[in-house]
Amino acid sequence: MFSDPVFSLIFFRQDGTGSSDKLTVLLQGPVAGTFAPPIDTPVGKYGSDDAVFSDLDGDGLLDAAVAGSFPTGSAPFSPPSVSSRLNLFLQTGNGGFVQNTVHDISIDVNRITAADINGDGLNDLVVYGDNQVMLMLQSSSSPGTFSSPQAL
């Protein structure tokens, strides 16, 4: 779908609670300088501090990984704790995304990036937070599948 170079991928983090966070695709319309209506995919309210767009399953389409932290616990009776999550969204080919997997992360995540860390030609995921870095390697035998988060 994205062989046409005129499109935009956007991660909206609206209000900090995640209630309206979304991935948005804007495609050029039939007339130069116009755009088709946006295609939105909600990302949910748990773990949406940062996003990266990259081919995360080897199909040539840009996918999205959204990661972040969120409070858990039942205040005011117990102090809230923080949980973190990485949500993997694969592109459907029509401009939308579908959530594929969810990974719990053991650090207070606030940033994510994708890169081929181990030189196998597949994009891996790196999450950052709490002055720590965690790596998730993509499986060469099962593209789109990632190892459990490992501290670096």
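A salt bridge here is a side-chain nitrogen of Lys or Arg within 4 Å of a carboxyl oxygen of Asp or Glu. The structure holds two of them. This is a predicted model, in which local features need pLDDT of at least 70 and side-chain atom pairs count only at pLDDT 80 or more, while totals for chains, interfaces and linings use all residues. Residues are numbered from 1 along each chain as its sequence is written, and side-chain values use heavy atoms, with hydrogens and water left out.

**Stop 1: the salt bridges**

Select Lys22 and Asp40. Their closest N and O atoms are 3.6 Å apart, and the two side chains form a salt bridge. The pair links distant parts of the chain, with Asp40 in strand 3 (residues 39-42) and Lys22 in strand 2 (residues 22-27), 18 residues apart. Strands (E, at least two residues) are DSSP runs numbered from the N terminus, as are helices (H or I, at least four). Asp40 is partly exposed at 39% relative accessibility, and Lys22 is partly exposed at 22%. For these labels, buried means under 20% relative accessible area, exposed over 50%, and partly exposed in between (1.4 Å probe, protein chains only).

Next, select Arg85 and Asp104, whose side chains meet in a salt bridge at 3.5 Å, N to O. This pair also links distant parts of the chain: Arg85 is in strand 6 and Asp104 in strand 7, 19 residues apart. Arg85 is partly exposed, with a relative accessible area of 22%, whereas Asp104 is exposed at 57%.

**Stop 2**

Four strands form an open sheet in the order 4-5-6-7, with antiparallel pairing; two strands pair if DSSP finds at least two bridges between them. Which strands stand at the edges? They are strand 4 (50-54) and strand 7 (97-105), each with a single partner strand, so one side of each is left without a neighbour in the sheet. The twist averages 20 degrees from one strand to the next, taken between N-to-C directions on a scale from 0 to 180 degrees, with axes fitted to C-alpha atoms (for helices over the stretch in contact).

Nine bridges join strand 5 (residues 63-72) to strand 6; there, Thr72 has Ser81 as its bridge partner. Eight bridges join strand 6 (residues 81-91) to strand 7. Select Ser84 to find it opposite Ile105, then Gln91, opposite Phe97. In the hairpin of these two strands, which has five residues between them, Gly93 takes a positive phi near 95 degrees.

**Stop 3: an aromatic pair**

Select Phe53 and Phe97. Their rings form a tilted pair, 6.3 Å centre to centre with 45 degrees between the planes. Rings of Phe, Tyr and Trp (its six-membered ring) pair if their centres lie within 6.5 Å; planes under 30 degrees apart count as stacked, over 60 as edge-to-face and the rest as tilted. Phe53 lies in strand 4 and Phe97 in strand 7, so the pair ties together parts that are 44 residues apart in sequence. Phe53 is partly exposed at 25%, while Phe97 is buried at 8%.

**Stop 4**

Another open sheet of four strands has the order 8-9-10-11, with antiparallel pairing. Five bridges join strand 8 to strand 9 (residues 124-129), where Leu125 is the bridge partner of Ala114. Finish at Met134, which stands opposite Ala151 in strand 11.
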